[in-house]
Amino acid sequence: MYLIQPFTVVPSLPESLKFLGELACNMWWAWNRDAVDLIRRLDRDLWDRCGHNPVLMLGQLPQTALEQASADEGFLVQMDRIKRQLEDHMTRRSWFDKNFSHLQNVTIAYFSAEFGLNESLPLYSGGLGVLAGDHLKAASDLGLPLVGVGLMYRQGYFRQYLNADGWQQETYPSNDFYTMPARLVTREGGKEPLTIGVEYPGRLVKAQVWRIQVGRIPLFALDCDIEANSPEDRQITAQLYGGDNENRIRQELMLGIGGVRALAALGIEPSVCHMNEGHSAFLAVERARRLQTEHGIDYLSAREATRASQVFTTHTPVPAGIDRFPPAMIEKYLSPYYQQLGIGLDEFLSLGRQNPYDMQETFSMAVLALRTAAAANGVSKLHGKVSRAMWQNVWPAVPEDELPITSITNGIHTRSWISGDMATLLDRYLGTRWARRPEDHTVWQQVDQIPDEELWRTHERRRERLVAVARRRLAQQLIARGAPSHEIATAGECLDAEALTIGFARRFATYKRAALLFEDMDRLKSIISDRDRPVQIIFAGKAHPRDNGGKDLIRKIIHHARDESLRRRIVFLEDYDMNMARYMLQGCDVWLNTPRRPLEASGTSGMKAAANGALNLSILDGWWDEAYTPGLGWAVGRGEQYDDLTYQDKVESAALYDLLEKEIVPLFYERTSDSLPRGWIRSMKQSLGTLGPMFNATRMVMEYTERLYMPSMRRARRLAEEKLARAGSLSRWKQRVRDQWSQVRVGRIEAALNGQLRVGEELAVSAEVALGGLTPEDVSVQLYTGSLDAIGRLSASESIPMKPEGDPQDGRFRFVGQIRCQASGRRGFAIRVLPNHEDLANPLEMGLIRWAE
């Protein structure tokens with residue numbers, strides 16, 4: 001062994017180019033095409049070789065090139081314009097300023113295991129991370145006082161390549177953080193890195209903190225790969241979703257507990273903490289522990305105070321996708337924490353169990369998040385419904401449609417995904433408001449003003465670009481695989497720049513059914529091989545390293561693509577990332593999505609394709625279930641769900657072929673005398689104009705702010721009053737209600753049911769309710785009324801409050817209410833009692849309901 005003295009070399013920028021260093025370290029450039037053009041202008045080839053990483057590129061540029069740029073007046077003028085744009089973005093009065101300027105000291109902390117900002121920062125695996133990246137970008141555009149918290153993975157997610165049989169292989173190249181758009185956070189004085197410590201069994205694991213600037217928004221990422229840690233602990237942040245279940249709990253301890261401690265070390269006290277999936281749910285433990293230590297309060301009071309300011313977004317529609325840990329592992333890693341909270345193992349385990357009394361149930365991070373957040377949501381309307389069904393057992397007495405899980409449909413950061421060609425076209429006919437206010441429906445109504453010729457020529461250029469890139473990537477894949485020269489030469493013959501192009505790019509999980517198109521090979525060949533109306537398909541995507549089912553799907557597609565009649569029409573592009581995604585989303589005519597309903601929580605790739613003018617062809621699942629209307633794309637099926645999966649594949653593949661043969665292919669190739677597919681262009685415009693203002697991240701982040709962040713912050717501040725006395729009062733009230741709830745009973749019910757009622761009349765109802773040791777102020781007595789279905793169950797129900805009347809008789813209170821008959825038909829009502837307190841986030845959050853029996 002020999003001693004190595006480390007040192008860091010940074011680019012030597014001429015004084016007139018100093019701004020380039022600042023620009024390179026603010027990810028704002030990733031959604032500003034003028035900024036990208038400025039950087040690329042220095043050396044286009046080097047820009048591509050550096051993986052679109054401006055920090056690395058500036059470090060590799062010859063000094064002569066920098067000196068030439070510093071003397072180039074045109075370059076300097078362009079750079080000055082970009083500088084003013086960035087300054088304007090960072091300082092202008094924002095949407096948040098205009099709507100919430102009366103609120104002081106607001107900070108929203110957004111925790112996520114992955115962030116997809118740009119291919120130059122490979123801290124993402126797929127949709128969850130890209131959504132998180134788009135969330136930060138939209139927050140910057142809107143001026144939210146938000147910070148991101150994540151992990152800095154030395155090897156990120158894997159790089160993909162296929163062997164000769166088409167089986168996925170993985171490599172894990174190391175990231176050099178010093179040549180990436182990130183800066184190491186240092187202590188005061190600027191020399192020593194800022195580090196935090198997290199207790200693991202028998203040791204303290206330390207992490208340093210990197211700062212990634214995303215416009216106005218800082219993202220802080222924790223890095224355990226430092227000399228103070230053991231070789232084993234340095235691996236905690238080695239790979240995204242890497243290792244076994246034990247490494248996963250280590251990562252999630254660092255993200256949740258370490259993330260809160262990093263913010264504290266930076267002097268940041270979040271008003272609201274948003275858990276993007278359950279990976280960061282241990283943050284609730286640390287926040288409660290800190291409150292107990294700082295204010296000397298009990299655990300239940302601390303839990304109420306922190307719960308009020310915690311938001312949880314679930315992205316998983318199946319229980320198997322949730323991180324779960326055995327009780328012994330929780331005891332091993334969490335015992336110091338729950339002991340500091342003053343509770344035992346069983347009570348702590350109950351926070352992560354659907355049934356707190358089932359000692360065999362594993363500890364679920366999603367359940368922990370649900371129990372420690374005052375607000376929870378799914379990521380599409382359908383997914384909200386699926387989530388309520390999936391987590392019914394957390395609130396077993398609550399009607400499924402009333403479970404305290406709402407939905408906020410995902411959206412995309414439009415400027416990050418739309419092509420430069422399309423952006424220029426929209427600027428010309430819509431003005432620039434589509435970029436600044438993408439949620440404004442009135443802006444997108446102007447899409448019809450775009451001449452058909454210009455829209456189509458713009459799209460054709462992008463398809464040509466996609467085909468050229470696909471051929472080049474295919475040749476590179478074949479060379480890397482050691483293919484013979486004649487096979488490599490055929491890469492240049494694959495695909496047709498004028499053919500109808502279908503794209504399928506996403507994670508290769510079995511439920512996404514990437515091979516559904518290959519169910520009937522004869523029929524597929526007939527569609528694809530038509531010389532007059534050719535169709536081609538481009539596939540891309542990665543399977544999880546341990547998902548052999550997903551890997552087998554890739555292998556099957558590769559084998560099918562080797563068929564002589566298909567090999568020029570079907571290609572699979574390896575190592576899918578955000579750069580390849582842009583080419584595909586911008587160049588495809590049709591975006592295909594074939595999940596098993598309802599297993600797609602949202603799916604944002606179709607939104608990105610739509611923003612670029614592509615038409616969606618999808619199962620009615622996730623976002624498409626609420627987005628689809630005839631004329632702007634196609635739906636496969638009508639939202640059916642099947643028990644026989646083989647039969648489902650047969651039915652839905654046949655429906656897919658029917659749509660291609662009878663609608664999609666004819667519409668694409670039906671040309672007017674000027675060679676334009678006017679019908680297709682009409683659908684493109686309808687898709688852009690309808691979906692553009694709805695499915696964007698600006699609308700999404702506005703919804704989070706107005707519906708979840710601000711109400712959570714106000715509730716938390718209310719509970720913090722009088723040195724958290726109000727939180728203590730709420731926790732004691734909840735305990736009193738639980739102790740007395742067994743005494744709550746609905747007794748005699750009286751209703752003026754004299755034959756039939758007419759629409760517009762009112763039905764008066766009264767009920768006697770025994771409350772035990774509770775008062776009428778402690779409860780909400782409700783008429784639960786709606787229509788009756790065929791077997792006598794209430795549906796489409798609403799709740800009508802009843803009011804106490806008179807003095808109690810023998811410990812029973814009389815409550816009265818009226819039902820206004822607003823529709824004819826068979827109706828019914830029931831009476832129920834719920835807890836009631838002004839500081840409850842939701843009257844159903846305690847899961848206590850007493851129904852009249």
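Tutor: Let's start with a term. A polar contact is a pair of N or O atoms within 3.5 Å; within protein, one atom must be able to donate a hydrogen and the other to accept it, and residues adjacent in sequence count only if both atoms are side-chain atoms. The model here is predicted, so local features need pLDDT of at least 70 and side-chain atom pairs pLDDT 80 or more, while totals for chains, interfaces and linings use all residues. Residues are numbered from 1 along each chain as its sequence is written, and side-chain values use heavy atoms, with hydrogens and water left out.

Student: What makes the pair Gln782 and Arg832 a polar contact?

Tutor: Their side chains meet at 2.8 Å, and the limit is 3.5 Å, so the pair qualifies. The side chain of Gln782 also makes a polar contact with the side chain of Ser780, at 3.3 Å.

Student: Why is Gln782 called buried?

Tutor: Buried means under 20% relative accessible area, exposed means over 50%, and partly exposed lies in between (1.4 Å probe, protein chains only). Gln782 has 11%, so it counts as buried. Gln782 sits in strand 23, residues 779-788. Strands (E, at least two residues) and helices (H or I, at least four) are DSSP runs numbered from the N terminus.

Student: Why is Ser675 called partly exposed?

Tutor: Its relative accessibility is 44%, which falls between 20% and 50%, so the middle class applies. Ser675 belongs to the loop between helix 28 and helix 29 (678-691), and it has a positive phi of about 65 degrees although it is not a glycine.

Student: Which class does Glu277 fall into, buried or exposed?

Tutor: Glu277 has 7%, under the 20% limit, so it is buried. Glu277 too has a positive phi without being a glycine, about 75 degrees, and its loop runs between strand 9 (272-276) and helix 11 (283-295).

Student: What makes a group of residues a nonpolar core?

Tutor: Its members are buried Ala, Val, Leu, Ile, Met, Phe, Trp, Tyr and Cys residues joined through side-chain atoms within 4.5 Å. The largest one here has 181 residues, and Leu144 and Tyr709 are among those that touch the most other members. Helix 30 (residues 697-719) gives the largest share of this core, 11 residues. Apart from it lies another core of 60 residues, including Leu426 and Leu516.

Student: Which residues is Leu144 in contact with, leaving aside neighbours within four places in sequence?

Tutor: Among them are Trp95, Phe96, Thr705 and Tyr709; contact means heavy atoms within 4.5 Å. Thr705 lies in helix 30 and has 0% relative accessibility, so it is buried.

Student: What lines the second largest pocket?

Tutor: There are 26 lining residues, and Arg303, Pro356, Arg371, Arg738 and Met846 lie nearest its centre. On a 1 Å grid over the protein atoms alone, a pocket is an open set of points where a 1.4 Å probe fits, with protein on both sides within 12 Å along at least five of seven lines; lining residues have an atom within 4 Å of a point.

Student: How does the lining divide into nonpolar, polar and charged residues?

Tutor: There are 10 nonpolar, seven polar and nine charged.

Conventions: Nonpolar A, V, L, I, M, F, W, Y, C, P; charged D, E, K, R; others polar.
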